[in-house]
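Me: Please take a close look at one helix in this structure. Tell me what surrounds it and how its chain meets the neighbouring one.

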Amino acid sequence: MALSLGELAERFGCELKGDPKTLVHAVGTLAGGEGVIGFVASTAYRDELRATRLAAVIVDPRLAGDAPVPALVSRNPHATFARVAALLHPVTVASPGVHPSAVVDPSALVDPSAHVGPLAVVEAGAQIGPRVVVGPHSLVGRDARLAEDVRLVARVTVCDRSVIGARTILHPGVVVGSDGFGNAREGGAWIKVPQVGAVRIGADVEVGANTTIDRGALDDTVIEDGVRLDNQIQVAHNVRIGAHTAIAACTGIAGSTRIGQRCMIGGGTGIGGQLSICDDVVVTGFGMITKSIDKPGMYSNVIPAEEVRQWRRIVGRLKRIESLATRISALEAAAGVADTSTQEEGND
Amino acid sequence: MALSLGELAERFGCELKGDPKTLVHAVGTLAGGEGVIGFVASTAYRDELRATRLAAVIVDPRLAGDAPVPALVSRNPHATFARVAALLHPVTVASPGVHPSAVVDPSALVDPSAHVGPLAVVEAGAQIGPRVVVGPHSLVGRDARLAEDVRLVARVTVCDRSVIGARTILHPGVVVGSDGFGNAREGGAWIKVPQVGAVRIGADVEVGANTTIDRGALDDTVIEDGVRLDNQIQVAHNVRIGAHTAIAACTGIAGSTRIGQRCMIGGGTGIGGQLSICDDVVVTGFGMITKSIDKPGMYSNVIPAEEVRQWRRIVGRLKRIESLATRISALEAAAGVADTSTQEEGND
Amino acid sequence: MALSLGELAERFGCELKGDPKTLVHAVGTLAGGEGVIGFVASTAYRDELRATRLAAVIVDPRLAGDAPVPALVSRNPHATFARVAALLHPVTVASPGVHPSAVVDPSALVDPSAHVGPLAVVEAGAQIGPRVVVGPHSLVGRDARLAEDVRLVARVTVCDRSVIGARTILHPGVVVGSDGFGNAREGGAWIKVPQVGAVRIGADVEVGANTTIDRGALDDTVIEDGVRLDNQIQVAHNVRIGAHTAIAACTGIAGSTRIGQRCMIGGGTGIGGQLSICDDVVVTGFGMITKSIDKPGMYSNVIPAEEVRQWRRIVGRLKRIESLATRISALEAAAGVADTSTQEEGND
């Protein structure tokens with residue numbers, strides 16, 4: 001498919017610089033060429049922009065003068081780029097109907113416009129809405145409900161009674177509604193605590209490959225509208241993730257924790273159980289959140305790696321940090337100098 | 001199904017307070033209502049208990065006087081609750097037999113009481129015991145053996161020669177018996193070292209979604225009876241996990257490490273290779289275990305996150321901690337004060 | 001299969017000590033017995049070697065005199081052992097042809113010598129080369145290409161347009177080519193950025209269970225020849241991993257990062273986005289790489305766990321490390337002693 005810049009400018013409300021009849025058929029990086037449209041959002045890429053041989057670019061107003069080729073000027077070039085890309089690279093349309101190799105329980109309700117792919121399984125009582133795609137090797141469990149336009153890309157397992165909102169996309173390997181980690185201890189052994197809650201996922205959510213979302217122990221685990229979960233994230237039972245929060249890969253969230261709206265959690269983060277994180281919190285990658293956060297802001301505990309010998313000296317000294325304090329106290333006593341640190345800092 | 005409190009009290013050996021004919025049909029939180037039974041194990045929830053409108057509660061003896069509704073008094077309310085929940089919310093019984101869409105090798109032995117679900121694969125020589133459930137999209141590899149009442153919930157991959165003990169539950173996405181990470185280096189490149197061991201999992205084990213357990217390089221990887229593994233855990237080749245140990249999500253255990261019995265390992269923990277962790281060790285979440293532990297107790301290295309500017313000051317100072325020691329030494333020399341820290345702390 | 005030591009010595013160019021007619025049929029540890037061959041590469045195992053009852057051993061020249069049984073002497077015992085093991089324990093040969101339960105699109109090209117296993121799916125336009133094994137429950141997406149001798153062990157999902165090089169092995173649960181985490185923010189919500197790149201994996205690569213490799217946003221994600229990825233690794237969009245680099249389990253690599261050749265990355269490591277790691281870098285387990293590395297060497301930031309009360313004292317002091325510096329400055333002022341730390345260390 002090829003579209004003209006004029007069409008794109010009108011459709012997405014951009015100012016157009018250059019020939020409106022310029023045709024583009026694909027998106028690409030600034031290094032791309034003929035028929036390709038790219039984007040630049042930051043002035044840090046001004047030089048690359050000036051050198052580009054793309055057919056066209058989407059740029060921030062501050063960069064409009066630097067584009068050597070026709071340009072769409074947008075106040076949010078990344079968002080405009082996303083929309084243009086979706087138009088130029090549409091998802092392959094799946095044909096309506098149930099593939100003959102799929103196994104669909106007669107009591108399931110499958111909308112005639114939905115696609116149930118090869119070797120998928122739809123269990124008793126499941127409800128599959130209009131235009132839903134149940135990709136190959138996917139499972140829709142008993143009494144699960146998928147709203148319109150949900151897409152299970154491939155090999156997605158949606159366990160019984162899970163509810164998935166409209167337009168939500170689940171990537172390969174995702175497991176929704178597996179049992180939470182509920183165990184009662186008795187005499188040094190464990191008794192399984194049945195997990196009778198479910199999982200409810202809102203609309204316009206996207207969940208990355210091999211991410212797992214456990215069903216609730218009693219109440220439900222809830223993912224609100226517009227949430228973005230990257231790959232290999234673990235969401236434990238009864239967690240609630242607020243609308244439009246984005247969480248990067250390899251993060252784990254322990255049971256019953258509530259995360260607010262519009263948070264951004266860096267990859268590899270661990271968030272303890274039964275915590276409450278307010279709206280608009282940012283956590284840098286590799287975070288360890290062990291206490292509730294009630295103030296928006298950015299939180300971190302990353303310690304950048306060092307050359308190993310240097311690092312071992314630092315750790316050796318850290319492990320003996322108490323001795324530094326002891327030595328300072330002795331010097332203070334000898335010199336008759338008062339401890340100058342504040343009381344709140346709690347020097348003993 | 002509805003059961004009377006009187007029946008439950010008798011069955012689980014609890015003292016009963018209130019009307020034995022009180023009927024309950026489901027478990028729930030203290031916020032639940034009609035026909036629902038909940039539990040309270042900690043006096044921290046006394047106020048919620050006093051306000052509950054549940055049909056009945058299971059309580060610790062210390063809380064027996066606080067329940068405004070009929071109560072089962074138990075010395076281990078959580079364990080009693082687990083048993084009541086299992087009774088009120090039984091697992092859906094799978095019908096015996098092989099689904100016509102499953103692919104079962106003629107040389108496999110499938111007990112007639114077992115269920116092999118839609119689109120499952122059972123390979124040559126596999127043995128499937130009484131009442132086993134092989135859920136949809138699951139694979140039982142060549143010569144693998146599943147003892148009675150094993151449950152592969154859905155999309156579980158059990159590779160060849162793995163052995164799974166009675167009543168063990170494997171959740172969706174679990175991989176048992178994939179090749180360990182065995183590589184010999186030669187001339188800057190890697191040669192694969194065949195992994196000829198297997199995986200043996202004991203009885204009454206539960207393994208969470210997307211957890212992976214590698215087969216042994218030479219000897220077997222072993223998970224003993226009653227172990228609990230949460231989601232997205234990685235168990236490398238030749239690890240041995242002792243009976244009744246529980247490990248929370250996103251933990252990784254490197255090769256040939258032995259973990260004792262009744263340990264509790266917090267989520268997101270990394271445990272190095274070829275270590276030995278004794279019985280009854282507790283590791284708090286996000287732990288990094290790099291040395292063997294031969295003394296029961298609780299171990300930690302969590303550093304709670306801070307507001308980012310404050311954290312960066314701390315890390316900057318940590319990276320220069322050696323300079324603090326140097327400055328103290330200079331002050332000690334100038335003041336003629338001896339280093340007061342102990343020899344063992346190894347100040348230079 | 002049984003082979004004589006004489007045959008093995010000749011085949012792998014080893015010096016032979018003892019009877020060339022000694023037969024071995026399996027590999028094992030030093031604790032093994034009749035018919036079993038083991039290996040010892042390190043003098044740390046000299047005592048175990050002297051006590052072994054194996055049929056034969058593969059040893060380093062420094063240990064040739066210590067073997068109480070016939071021995072193959074090799075300058076790289078581990079590599080020789082890997083080759084002997086592959087010979088004695090060959091992978092089960094899959095029969096050529098497409099299993100009747102597999103679903104293969106008529107437009108896919110499947111080499112007649114390839115094996116497409118039970119319940120596998122091969123989509124339109126896919127190309128499957130000679131002797132490839134597509135294991136049970138695996139998916140080869142639209143226009144994906146698998147070169148000769150590729151092995152998808154079982155339940156591997158290769159998304160559309162992915163390219164996999166010769167002899168590469170993908171273990172169960174692997175996802176190749178899922179969408180990267182691309183989101184544009186607009187008005188507090190997220191717009192999906194279509195991911196139009198692909199994944200290219202080289203020859204002789206091995207990827208462990210449940211590892212995920214995302215497709216590129218615009219350009220491709222690239223794994224070069226001979227790379228080794230362990231289980232549950234996350235490779236984000238547009239990452240490039242250099243030839244013969246090995247990465248241990250549970251590591252996450254954020255978007256657009258380039259890792260050089262022959263690197264060795266310990267398990268549980270997090271590597272930030274848009275970084276460049278040069279060739280021959282070693283990172284110890286649990287690393288946090290937040291800056292580019294342009295110098296080969298070993299890097300670390302592991303902090304070994306401590307008994308919890310001791311650890312909490314250390315962390316408490318770390319969080320107040322600034323107060324130690326303040327107290328030292330006060331003592332220096334009182335004593336008229338100059339700050340002895342270097343300017344570069346940046347004491348304020």
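Reply: Start at the end of the helix. Just after α5(C), C:Gly336 takes a positive phi of about 65°. This is a predicted model.

Now the helix itself. α5(C) has 15 residues, which at 1.5 Å a residue should span 21 Å. Its end C-alpha atoms are 21 Å apart, so the two values agree.

Next, burial. The buried residues of α5(C) are C:Ile321, C:Ser323, C:Leu324, C:Ala325, C:Arg327, C:Ile328, C:Leu331 and C:Glu332. They pack against α4 of chain C, α5 (321-335) of chain A, and both α4 (308-319) and α5 (321-335) of chain B.

Then the contact between chains C and B. Chain C puts in 66 residues and chain B 61. On the chain C side, α3 (77-88), β40 (306-307), α4 (308-319) and α5 (321-335) each supply at least two residues. α5(C) gives the most to that side, with 8 residues. By class, the side of chain C that touches chain B has 31 nonpolar, 22 polar and 13 charged residues.

Strands join the two chains as well. β40(C) pairs with strand β39 (residues 297-300) of chain B in the antiparallel sense, over 2 bridges. There, C:Glu307 in β40(C) stands opposite B:Tyr299.

Technical notes: Residues are numbered from 1 along each chain as its sequence is written. Chains are lettered from A and ligands numbered from 1 in the order in which they are written. This is a predicted model: local features need pLDDT of at least 70, side-chain atom pairs count only at pLDDT 80 or more; totals for chains, interfaces and linings use all residues. Two residues are in contact if their C-beta atoms, placed from the backbone, lie within 7 Å. Helices (H or I, at least four residues) and strands (E, at least two) are DSSP runs, numbered from the N terminus. Ala, Val, Leu, Ile, Met, Phe, Trp, Tyr, Cys and Pro count as nonpolar, Asp, Glu, Lys and Arg as charged, and the others, Gly among them, as polar. Two strands pair if DSSP finds at least two bridges between them. The expected span of a helix is 1.5 Å times one less than its number of residues. A residue is buried if 20 or more other C-beta atoms lie within 10 Å of its own, exposed if 12 or fewer, and partly exposed in between; C-beta atoms are placed from the backbone.
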